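Hello,

Here is the structure for you to look over. My notes on it follow below.

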Amino acid sequence: KIAMSQLANSLQTYRVHNNKYPTTAQGLDALLKDPGGAKRWRGPYVTNSKQLNDPWDNQYEYESDGRKFEIISAGPDNTVGTDDDIYYPEREAEEAPAEE
């Protein structure tokens with residue numbers, strides 16, 4: 001969660017410079033290199049690509065419409081959509097995916 005919080009801080013700085021967060025299509029790579037279309041990109045906002053990986057060395061999932069964002073780690077089982085997923089910001093209990 002600490003690493004995700006640091007990424008969130010980088011996303012906040014990106015937003016200050018560009019008036020929005022990178023979109024899902026632009027992804028977290030927009031923190032490393034200009035995604036194109038970012039009028040005032042002043043990055044890189046992270047020091048290396050390893051910061052875009054979770055502690056299990058999987059790339060964080062990222063979703064954003066430009067106004068808000070969510071960072072997702074697949075957790076130790078390396079599978080998104082399971083009980084050990086980690087979300088930033090943390091999801092409320094009713095927002096968590098339902099088990100099937």
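**Helix over sheet**

Helix H1 lies across E1, E2 and E3, and runs at about 150° to E2. Please keep in mind that this is a predicted model.

Start with the sheet. It is open, has three strands in the order E1-E2-E3, and its pairing is antiparallel. E1 and E3 are the edge strands, each pairing on one side only. On average, neighbouring strands are turned by 20° against each other, direction ignored. As a general point, strands of a sheet pair through backbone hydrogen bonds, either parallel or antiparallel.

E1 covers residues 61-64 and E2 covers residues 69-73. Four bridges join the two strands, which run antiparallel. Within that pairing, Glu 61 has Ile 72 of E2 as its bridge partner. Tyr 62 has Ile 71. Four residues lie between the strands of this hairpin, and Gly 66 takes a positive phi near 95°.

E1 has two faces. Tyr 62 and Ser 64 make up the covered face, while Glu 61 and Glu 63 make up the uncovered one. In a regular strand the side chains alternate between the two faces of the sheet.

**Helix H1**

H1 takes in residues 2-18. Its length checks out: at 1.5 Å a residue, the 17 residues should span 24 Å, and the end C-alpha atoms are 24 Å apart, which agrees. The buried residues in H1 are Met 4, Leu 7, Ala 8, Ser 10, Leu 11, Tyr 14, His 17 and Asn 18. Their cover includes E1, E2 and strand E3 (86-88). After H1 comes Asn 19, with a positive phi near 65°.

**The core**

The largest nonpolar core has 17 residues. Those that touch the most other members are Leu 7, Leu 11, Leu 28, Leu 31, Tyr 62, Phe 69 and Ile 71. H1 and E2 are the elements that give two or more residues to this core. H1 gives the most, with five residues. In soluble globular proteins, nonpolar side chains tend to be buried together.

Tyr 62 is worth a look here. Leaving out residues up to four places away in sequence, Tyr 62 touches Leu 11, Tyr 21, Pro 22, Thr 23, Thr 24, Gly 27, Leu 28, Phe 69, Glu 70 and Ile 71.

Is His 17 buried or exposed? His 17 counts as buried because its relative accessibility is 15%, and the cut-off for buried is under 20%. This residue is found in H1. A polar contact of 2.8 Å joins its side chain to that of Tyr 45. Apart from neighbours within four places in sequence, His 17 is in contact with Arg 40, Arg 42 and Tyr 45.

Glu 70 sits in strand E2. Glu 70 is also under that cut-off of 20%, so it is buried, with a relative accessible area of 13%. Which residues is Glu 70 in contact with, leaving aside its neighbours within four places in sequence? From E1 come Glu 61, Tyr 62 and Glu 63.

Best wishes

Conventions:
Residues numbered from 1 in each chain as written. Predicted model: local features only at pLDDT ≥ 70, side-chain atom pairs only at ≥ 80, totals over all residues. Heavy atoms only, no water. Buried < 20%, exposed > 50% of the residue type's maximum accessible area, 1.4 Å probe, protein only. Polar contact = N/O pair within 3.5 Å; in protein donor to acceptor, adjacent residues only side chain to side chain. Contact = heavy atoms within 4.5 Å. Pairing = 2+ DSSP bridges. Expected span 1.5 Å × (residues − 1). Axes fitted to C-alpha atoms, helices over the stretch in contact; angles between N-to-C directions. Core = buried A, V, L, I, M, F, W, Y, C linked by side-chain atoms within 4.5 Å.
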